Amino acid sequence: MTGGWKLALRNLSRNRRRNLVTGAAIALGYAGLVLLGGYANGNEGLIRLSSVYLQHSGHLAVYARGGLGKAQTKPAAYTLDAAAQEEILAALRADPRVEFCGRYLLGTGIAGNGCKTFPFRGLGIELDVERRILSHPQLEPLRDVARPRAGRPLPDAAGEESPVALSVGLGGARLGKAAVTGREAAVAPGALECEAPDVKARIAADPWVQLAVQTHEGSFGAMDARLVSLFQAGTVDGDQAGLVAGLDLFQRLYDTDRVTYVAAYLHDHRDTAAVARDLSQKLAAAGLEVSIYPYDDPKANPYYVGTMETIGAVVTFIGLLLANVVALSVLNAMTLAVLERTREIGTLRSLGFTRRQLLGVFLREAATLAGLSIAAGLVLALAVSAGVRAAKVRFQPPGVGGTIPLVIAPSAGMWVGAAALLLVLALGATWVAVRRRVRERVAKLIVEVAA
Amino acid sequence: MNAVLLVGSLLLAGAAAAPDAGTLLRDSDRARGGLERGVTWTVAVVATDEGSVSKSSWLIRARGNDGLAEALGPPRRKGEVILFNNRSIWWVKPGLRRPISISARQRLQGEAANGDISSTNYARDYEGTIAGEEDVNGEPSWRLDLKARSKDVTYDRIRYWISKKRRLGVKAEFLTVGGDVFKAATFEYGNRVRLAGGEEIDFVSRMIIRDAMGAGNVTVLEFQAPRAETHAASVFNVNNVVR
């Protein structure tokens, strides 16, 4: 250790109480920044998983060109035909970075209970792909959200006659269904007496709903579907009209073999951009006119992007407050230290110490204090995240049907970045506090103290 | 005496110049199927939707505010029934466990929209005022502004032209809540129907419905073989239709 560092260490021990308080501010600030970043990071992971797997956006989604905006209104022109689907699936399956892929058909229509109908916004899914999603190990933290609110998961009803899942708002509140299966013998087919006093009970006990749509060719299409589960959609609007059915049922309903998009699920989400780029080149070479949207594209996935922007804004604001508190604490401590040690500065200057050397002494003091405090903050942050993990804290975000874990998962970059930020702030605040004082003439420094 | 005659003549002339809007609507409704005891006809529908053409034909039975449309073709649609029961529309398809009630929103598109327009009972559903006089294809007509009497009708406002001479609706524009024209329809009356008392009235023979927004889709409805028939109220009961 050089003389400058020894001097800095000795000086730190001269005013222990003040340095302890300043160090505590830095340690708490560091722990706060890291935990805050870890919360944002943990949430990003959960929101990405929810968006990619539970909302079926995939890590990337392939639409017919213009299909993202127009497939709902002009499905015959802006959806993917069977040949295009095969081409896309073959390209994706040939890429080892792709774990699996699924085809999806979006559609709107009305769902009825024999007395009333309400609009639905539905998604046709491949049930074997859905089964794979629901059992995916990465979805473990979201098991409670993925679980149906009533009934059984849709893939469990594969092979049964026309199974369908409805959102709680549509199936339960609007259509008055109780997600019953196997009791349909009690309610015979035919028109219901909609004014009869027992009609609500009859509707609740009947698992069948009637779906009516405008087919892709423009005529009416309708079929009975059997309600097997009620699920909670992610938004209030979505919960008023959510419907999920098997792709084959949906294609029969809309009288088509087309799909709205093909989604790819990757082994590692960090490969998304590279896979999208390679796939785009491959499909363009095959003459397919498609658009590829990664999961973090705001047009394709406003839920993920919007939520992350909101969390980012909140975390940045709180982080700035924390950084300011730390900087002001260091500035305050160093200003007091410089005032108290003016005679010492004057004496050292008269003994031949340069201004630069004196500034170096104070900066070493600040760096030592910040370094020790950051180490203490690191231990504190590790203890808190371990405590949260051990306590298995769960909470229910607004609009979400189940609970999700409170995850604090700071990345290596966050640990290092927050330390670097606070170190720079501490050194900067010290430099601001000390710079003017060490530039003053020696005589003035000594006289000011004497006065 | 002359003075009395003069006043009487003026009153009559005034009545002819400014007829009651409600009476005009009731008269024009009759020629589109709004007969108290019942009427039957067939209609061939040719719909052009963004270049693709679809055809269907229906047997229609109407009575007062009710109507029953049974699909005659194409073969895959045989057996489908659309029931206009007062202001409700039910769609019954063979094989479906229950009839489907068509919501007001769903009436804005596809076949339901055409059925809804052709079956609209203007006198019952709308409050009419005579807003002016215009020629429609050279025929002097009154232009009526119709405002919905209740919220459960499909269109909030309709502009409706009724021939002065024939007292028949010749043109209609269906407006959005914002006042833009959503759909427009023209009516021709080449058919005649003899009522039970021997009176013979004009009856609609062709209706052309155009989407005023978007791609300008057109649907042409050709009305054929209309005849007055007495239909029991039970014909229009959804429970009986499903059975």
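Predicted model: local features only at pLDDT ≥ 70, side-chain atom pairs only at ≥ 80, totals over all residues.

Modeller: Pro74(B) sits in the loop that runs between strand 3 (66-73) and strand 4 (81-85) of chain B. The peptide bond that joins Gly73(B) to Pro74(B) is cis, with omega at about 5°. Most peptide bonds are trans, and most residues other than glycine have a negative phi.

Two residues of chain A belong with this topic on account of phi. Ser162(A) is not a glycine, yet its phi is positive, at about 45°. Lys392(A), also a residue other than glycine, has a positive phi near 50°. For Ser162(A) it is the loop between strand 4 (150-151) and strand 5 (163-167) of chain A; for Lys392(A) it is the loop between helix 15 (355-391) and strand 11 (394-395) of that chain. Are they buried or exposed? Ser162(A) has a relative accessibility of 10%, so it counts as buried, the limit being under 20%. Lys392(A) has a relative accessible area of 67% and is therefore exposed, since that class begins over 50%.

From the loop of Ser162(A) the chain goes on into strand 5 (163-167), and Ser167(A) is part of strand 5 of chain A. Ser167(A) counts as buried because its relative accessibility is 0%. Leaving out residues up to four places away in sequence, Ser167(A) touches Gly172(A), Leu230(A), Phe231(A), Gly238(A), Asp239(A), Gln240(A), Ala241(A) and Gly242(A). Ala233(A) is 66 residues from Ser167(A) along the chain, and the two C-alpha atoms are separated by 6.0 Å.

Another loop residue of chain A is Glu126(A), placed between strand 3 and helix 6 (127-134). Its side chain reaches the backbone nitrogen of Arg103(A) at 2.7 Å. Arg103(A) is also one of the residues that Glu126(A) touches when those up to four places away are not counted; the others are Cys101(A), Gly102(A) and Leu247(A).

Next comes the meeting of the two chains. In the model, 29 residues of chain A are in contact with 24 residues of chain B. The area buried between them is about 2,400 Å², and carbon and sulfur atoms give 53% of that. How many salt bridges does the rule find across this interface? The rule finds 1, in which the side chains of Arg98(B) and Asp206(A) meet at 2.7 Å, N to O. The interface also holds 6 residue pairs in polar contact, with both residues at pLDDT 80 or more. On the side of chain A that touches chain B, the elements that give two or more residues are strand 3 (117-125), strand 6 (208-214) and strand 7 (220-231). The residues on that side divide into 15 nonpolar, 8 polar and 6 charged.

Chain B, the chain of the cis peptide bond at Pro74(B), has 5 helices and 15 strands. Of its 243 residues, 45% are buried. The chain exposes about 11,800 Å², with 51% supplied by carbon and sulfur atoms. Among its contacts between residues at least 6 apart in sequence, 45% join residues at least 24 apart.

Asn217(B) lies in the loop between strand 14 (206-211) and strand 15 (218-228). With a relative accessible area of 17%, Asn217(B) is classed as buried. Its contacts, leaving aside neighbours within four places in sequence, are with Thr48(B), Asp49(B), Glu50(B), Ile209(B), Arg210(B) and Asp211(B).

The side chain of Arg143(B) makes a polar contact at 2.9 Å with the side chain of Glu134(B). Residues that Arg143(B) touches, with those up to four places away not counted, include Thr129(B), Ile130(B), Ala131(B), Gly132(B) and Glu133(B), as well as Arg159(B), Tyr160(B) and Trp161(B). Ile201(B), 58 residues from Arg143(B) along the chain, has its C-alpha atom 22 Å from that of Arg143(B).

Technical notes:
Residues numbered from 1 in each chain as written. Chains lettered and ligands numbered in written order. Heavy atoms only, no water. Contact = heavy atoms within 4.5 Å. Buried area = accessible area lost by both parts, 1.4 Å probe. Salt bridge = Lys/Arg side-chain N within 4 Å of Asp/Glu carboxyl O. Polar contact = N/O pair within 3.5 Å; in protein donor to acceptor, adjacent residues only side chain to side chain. Helix = DSSP H or I, 4+ residues; strand = E, 2+ residues; numbered from the N terminus. Nonpolar A, V, L, I, M, F, W, Y, C, P; charged D, E, K, R; others polar. Buried < 20%, exposed > 50% of the residue type's maximum accessible area, 1.4 Å probe, protein only. Areas by Shrake-Rupley, 256 points an atom, 1.4 Å probe, with all protein chains shown as cover.
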